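Open the model in your viewer and keep the selection tool handy.

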Amino acid sequence: MVSSMVTAGAVMGVIGVLFSIGLFYAARAFHVEEDERVELLTNMLPGANCGACGFSGCSGLAQALAAGRAQPTQCSVANSEQLAKIAEFLGVEAGPVERQVARVMCGGTSAKATQLAGYVGLEDCRAAHLIASGPKGCTYGCLGLGTCVQECPFDAMVLGPDGLPVVDESVCTGCGICVQVCPRGIMQLVSPEAPLTVRCVSPMAGKQVRAVCQAGCIACKICERVCDQDAIHVIDNLARVNEELCNGCGACVEKCPTHCLELTDGQVRVLEAV
Amino acid sequence: MRRRRMPGGVRTGEPPGPLGPILSLADPKRLILACAQPGHQLNPLVKKRERVVGGQRLAEPNGEGFPIYAPCAGTVTDVAPALSSTGDFVLAIFLENDGSGETAPALPGWDDPTDPTPEAIRLRALEAGIPDVARGGIALARSLAPTTPIQTVVLNGCTTEPLVQAERVLLHHEWETVLFGFRAAIRAIGAPEAIVALSVADRPLVGTLSQSLTERDAITIEILPDRYPQGLERYLLAALRGVDLPVGEDPATVGFAVFDVTTMHALGRALRDGQPFTHRVVTVAGDGVARPGNYRVPLGMPLGALMEAAGRQGTIRQLVWGGPLSGTAVASEEIGVCANTRAVLAYQQPVSFEVPTTDCIRCGRCIDVCPERLSPIYLARYAEHKRWDEAEAEGALLCSSCGACSYVCPTGRPLVQSIQLARYEILRQREAERASQPKEVAVP
Amino acid sequence: MSTQTTTAAQDGVATQGPTLIIGPAPYVHAPLTRQAILAVFITAVVPVLGVATYFFGWRALGVAVAAVAGAYGAEVVAHWARQRSLFGSPGPALVTGLVLALALPPAVPLWIPFIGAFFGVLVAQELFGGYGYQIFHPAMVGWVFLVISFPSFMEGWLEPFELVTAATPLSQIRAGAGPDLWTLFAGTTAGALGETSVPAILLGGLLLLVTRVADWRPVVGMLGTVALMGWAFTGNPLAELMAGAALFGAFFVATDPVTTPLTRWGRFLFGVGVGLVMMVIRLWASRPEGVAFAILFMNSLVPLVNLLTRPRPKKGATAGA
């Protein structure tokens, strides 16, 4: 009895030792040379793996940083402290940090925009857009299926009850993924200080816009006339604002007949009463 | 020259028996004529409140297009953007029919398709405003002046999609006109060989068609299996001559010119009768119309009016532009019939209500029917989980969007839509990578 | 999708809306839907169940009901736990329950089919993700569970009509003296509820083949292999085919859409494999019948078979970007 236990133990022990030797040599033979800084840099980065920098995840950017092929500011998610730390570690200049947030440039809620047809299919704005430009009357307006909300790696967006996405600008890092996935280019990145948002991207003439949405820009140019900063102009049937010149006085917002202009104060959407 | 059998495919079963006649319609009250062609817009020649006659030129190309003509006499009520079948708004001429039936005089015609010179044929094709429907609506005159050498001209009469009979019915009832156009096309291109491709369902027609052919024609008639999507050019050419045409490529790159029956018929009418292209045969079907059939429809007829003329019944909840497998549902009845409308289907109940989507049961039917030998089960799964790289590796870009997989899927999964989403994303990401700033910024 | 009722004037024509619904192509569908497949399958099982009732009495129906109840119970439990709707649910439960019931000996107490089906569906199907995600055939998992956990109850073989205990034809054949071929064909021998009557199985099986619910390839692969090995090793291929669960397994179990390979020739290989393993168990292992084990064994190889038989897109079919 005891001798069999001893034999068993001895055999297992010998096997264990043999495997350990094998593993030791394998670890040496298959060792991958890696810059140790890469792991440190990966930990310094926000770790969201959103891919906005263009590299594959934070470790991808870390490798490029360590090899001198990228700049710290390419990470739009990292805040200024993180960027300063990375820049100091690498021994480079941090560079200016320009924070951006995503804004929804459409005011076509389910109440105000015409729905031409119902839609049954994949719950994805891109997929819906591929079928005869979608079920909505306005082929430039938000489809409300929430692809941007799903794709946001930071959960900074929710789909509002009126059918439009809502961005929480305090959480939004400006990574730009929602901008890429929106098939209609409704999401745009702007500085969070930008006071005015034109909630429409439709280049159609006023009459066509009116036929499909009560909240779209009809290019009446009233805003252009009342602006004393020369900050807003109607170009190609769409009002466009120069955020640097705009002082947020709100004169255009008051006068706009379709209420497609909006003063934003960061967190809360200032909505006209429906 | 080995024929290559198309793998997969579905047999959807055309009802047997002779095709009905081509039905004519009273010209509708309103027409919406789009002034848009692939890549460019036309210049309208008419203004609001102007009166026009049937066959009068309404818009002119600026560049590589072709003119459009009024299908009937009437007054122009507006020149404004209108909804097209792709969902875009394009400039259109709104015409109100005055019922007078007045037409412009026809151009002089030829009795024999070999009388006009190739240049004259191309000029007439341009003047008569004939699009090459098989090439997506570009000017036929362009297809008749190929820039690469063409060995074989093919008349694609092989419609294997169910319900769509518009092409076949022209072969049955107006073959002489089609043949006139086809002979002229062969002459204009100068190809040594020509084929008329038919599906097995039209085998009884071979005798009648052959009678019109003479030794002068180098035209052979070939029969292809009646399995959708045999009629798609890629599989057509593989089956006829064993040619490998990559997905999305023009047949001219492999020395073929493929024409559809409607285009050849229009060319025949233009050359022989001097008539511009103003009407086309459209198959109207579905349980939303009481009188389905093949109608000769004026271009620009609104879908709503077409449904009324075909006997709208019940509430039409789904309106399909094109065939049931390759077409697309439209969101409005206010779209005018245009050159590439082979069929309009009206359903009282969308098929997705009858076959609701449930989880995949891994039956493998989609793999059995895919003519590209892809695995839609995996492709759609990758697409739905947004794994675009794996979808691309699996062959998402090779899909020809024929719809056979979704057709057979017992659980009603939107396979084609998922694969198209994957293609959209893959191409968009490629485009974004190409256009973006260089990622790698050298540190100073 | 939310649809709003608005009226918009276009060219003076008021349009109500929206009534139209857009969606992806295609706009027709093959007649064989998931519901149709399940319905045809259940219809095909009816003759077999009918003959079983005729042979073994009302207890056959009782076993069937108990098994279906167990299967459905497992689905209810799982869907409640996952908070999903029971849409389309009775179908798979019916199929699994009936298949398991027909694989059981007639003298089983009713709690056996109930817990067998419950276990099979819960463990093999629901824990893997629900119908469509199972790797192993739930009815076969249930059967194996029962045979291993309650072996004595699973030996309740009865003679038809008289309902006295009897040995199954397979064990008789192995012992040297089996029934004659006509008796085997008619099925008036002991055996599981569904495996004895050859005409009933063929009738149901033919329905499955004709409607394309079942692919002929696994059937031919399996039965061909069984016949071949029977001819090679016992000299009596017909007996090997008709005694035991070979026919039932070939038509009703090896043709299951979910647990078999995706490709046509993969399914043929699957059938061949099942036949092979089954005959190996019959001839050289300690069990008289091996269909369930063979099925489960081949189920585990299905991903490999899928990989080996996947179609490859043609070379040179490059896509334009």
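**Stop one: two domains**

Start with chain A, where the domain assignment, automatic or from a database, gives domain 1 (37-90) and domain 2 (101-263). This is a predicted model, where local features need pLDDT of at least 70 and side-chain atom pairs count only at pLDDT 80 or more, while totals for chains, interfaces and linings use all residues. Residues are numbered from 1 along each chain as its sequence is written, and chains are lettered from A and ligands numbered from 1 in the order in which they are written.

Colour the two domains of chain A separately: their centres, taken over C-alpha atoms, are 32 Å apart. Where they meet, 5 residues of domain 1 of chain A are in contact with 7 residues of domain 2 of chain A (contact: C-beta atoms, placed from the backbone, within 7 Å). On the domain 1 side, 4 of the touching residues are nonpolar, 1 is polar and none is charged (nonpolar: Ala, Val, Leu, Ile, Met, Phe, Trp, Tyr, Cys and Pro; charged: Asp, Glu, Lys and Arg; polar: the others, Gly among them).

**Stop two: a covered strand**

Now select residues 343-347 of chain B, strand β20 (strands are DSSP runs of E, at least two residues, numbered from the N terminus). Are its residues buried or exposed? 5 of its 5 are buried (20 or more other C-beta atoms within 10 Å of a residue's own, with C-beta atoms placed from the backbone). Ala343(B), Leu345(B) and Tyr347(B) lie on one side, Val344(B) and Ala346(B) on the other.

**Stop three: its partners**

Finally, select β18(B), residues 318-321: 4 bridges join β18(B) to β20(B), running antiparallel, with Gln318(B) opposite Tyr347(B).

Definitions and conventions. Buried ≥ 20, exposed ≤ 12 C-beta atoms within 10 Å, placed from the backbone. Pairing = 2+ DSSP bridges. Contact = placed C-beta atoms within 7 Å.
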